[in-house]
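Colleague: I have a structure to go through with you. Could you show it and take my questions one by one?

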Number of protein chains: 2
Amino acid sequence: MKKDIGPSELVFPTPVFIAGTYDANDVPNAVTLAWGGVACSSPAAVSIAVRPSRYSYENLMLRKAFTINLPPAKYAKEADYFGIASGKNGNKFAATGLTPVRSEFVDAPYIEEFPYNMECEVTHTLDLGSHTLFIGAVKNVKVGEELLGENGNLLWERAGFLTYDGADRTYRLPGEITEKAFRAGLIFRTESENNAG
Amino acid sequence: MKKDIGPSELVFPTPVFIAGTYDANDVPNAVTLAWGGVACSSPAAVSIAVRPSRYSYENLMLRKAFTINLPPAKYAKEADYFGIASGKNGNKFAATGLTPVRSEFVDAPYIEEFPYNMECEVTHTLDLGSHTLFIGAVKNVKVGEELLGENGNLLWERAGFLTYDGADRTYRLPGEITEKAFRAGLIFRTESENNAG
């Protein structure tokens, strides 16, 4: 049996995006966001949803740029702090000891200690209610060399990027692989699909 | 050392959304989408990115409604097939044996066997290039009773909803909990933040 629980935004999984921005005085800020995802492949684009009450909202509106930094498992406490604290009350980089670095591609800082940094320019904003959705065109991605294989393939299992679980409000490690995509489903292909190639 | 790899849309984690739609003849279709996420809390909204070549794209444009169905781990092969196959070449529900049910809330079918179904109305579309981003207002969520705790809390660990890993193109199970959100980061709070409450 199923129950109708009314409208809810909760899904699993959601990412742990640490979005880096500058304020009007070039002070770096970062905020943890689980509401967002990939928006387009070509050109590469991502979405992030931000409450207007957030300090980062003003920064995004002003500088029209942000980075997305994926936190490895060992930085879960820092990732959580970036979500709890506000840039209005203090400098989160100073509090955590993490290092903001000016991007050469967009007008925003990335986090040096995190090995996957997406450098994004705001192309669209959509006011949806409690949150404004920002679409960011990805101008470049910086990857720690330890996460790059010989063919340039991403080995991000080595970092253990976090997942946010909105049901029990926890951070989770990457889980084990259960199936290969674009492979496991072939068992359901019909004869006519197989003949079509 | 870090390397600039140019623009990329890849992030970890991405969800495994099975989006259900009707075509002009009320034939149900479903497609697997990893590009999407939460867009707003109040009103609840989600985003999905769909290529215009997809059969579901026409359905979305025509019916302005969709469901998001989260696949439990045991349906990984079915989830993959919904991404590989096209509704242009056959009925994916017939091929997998899964059951489409007409939503009472929106003009779209949900998947009976999947225990978390979000019923959404399209409110915005954004043509971003290879993909069009659809924003869906969540009108209702259906949850299997086995996933609801005594206080109505979600126990979706019991389902083991899948994650898509775009780096190695695999489906992953939920990983173990490493920290509690809104708690783990408190160790970085400064004295003035603590005094402010």
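Modeller: Helices and strands here are DSSP runs, numbered from the N terminus. Keep in mind that this is a predicted model.

Colleague: Between which two elements of chain A does the loop with A:Phe188 lie?

Modeller: Look at the stretch that holds A:Phe188. This residue sits in a loop of chain A. The loop runs between β13 (170–180) and α4 (191–195).

Colleague: Is A:Phe188 buried or exposed?

Modeller: Count C-beta neighbours inside 10 Å. The cut-off for a buried residue is 20 or more. A:Phe188 has 21, so the residue counts as buried.

Colleague: Which face-forming residues of helix α1 in chain A are buried?

Modeller: Helix α1 spans residues 55–63. Seen down the axis of α1(A), the buried residues fall within an arc of 100 degrees, so they line one face. An α-helix has 3.6 residues a turn, so residues three or four places apart point the same way. The buried residues are A:Ser56, A:Asn59 and A:Leu60.

Colleague: How are chains A and B related?

Modeller: A rotation of 180 degrees, with 0.0 Å of shift along its axis, superposes chain A on chain B. The RMSD is 0.0 Å. The two copies are thus related as by a two-fold rotation axis.

Colleague: Which C-alpha of chain A is nearest the axis?

Modeller: Stay with that rotation axis. The nearest C-alpha in chain A lies 1.8 Å from it, and belongs to A:Gly175.

Conventions:
Residues are numbered from 1 along each chain as its sequence is written. Chains are lettered from A and ligands numbered from 1 in the order in which they are written. This is a predicted model: local features need pLDDT of at least 70, side-chain atom pairs count only at pLDDT 80 or more; totals for chains, interfaces and linings use all residues. A residue is buried if 20 or more other C-beta atoms lie within 10 Å of its own, exposed if 12 or fewer, and partly exposed in between; C-beta atoms are placed from the backbone. Helices (H or I, at least four residues) and strands (E, at least two) are DSSP runs, numbered from the N terminus. The arc is that of the directions from the helix axis to the C-beta atoms. Copies are superposed by least squares on the C-alpha atoms of residues with pLDDT of at least 70 in both.
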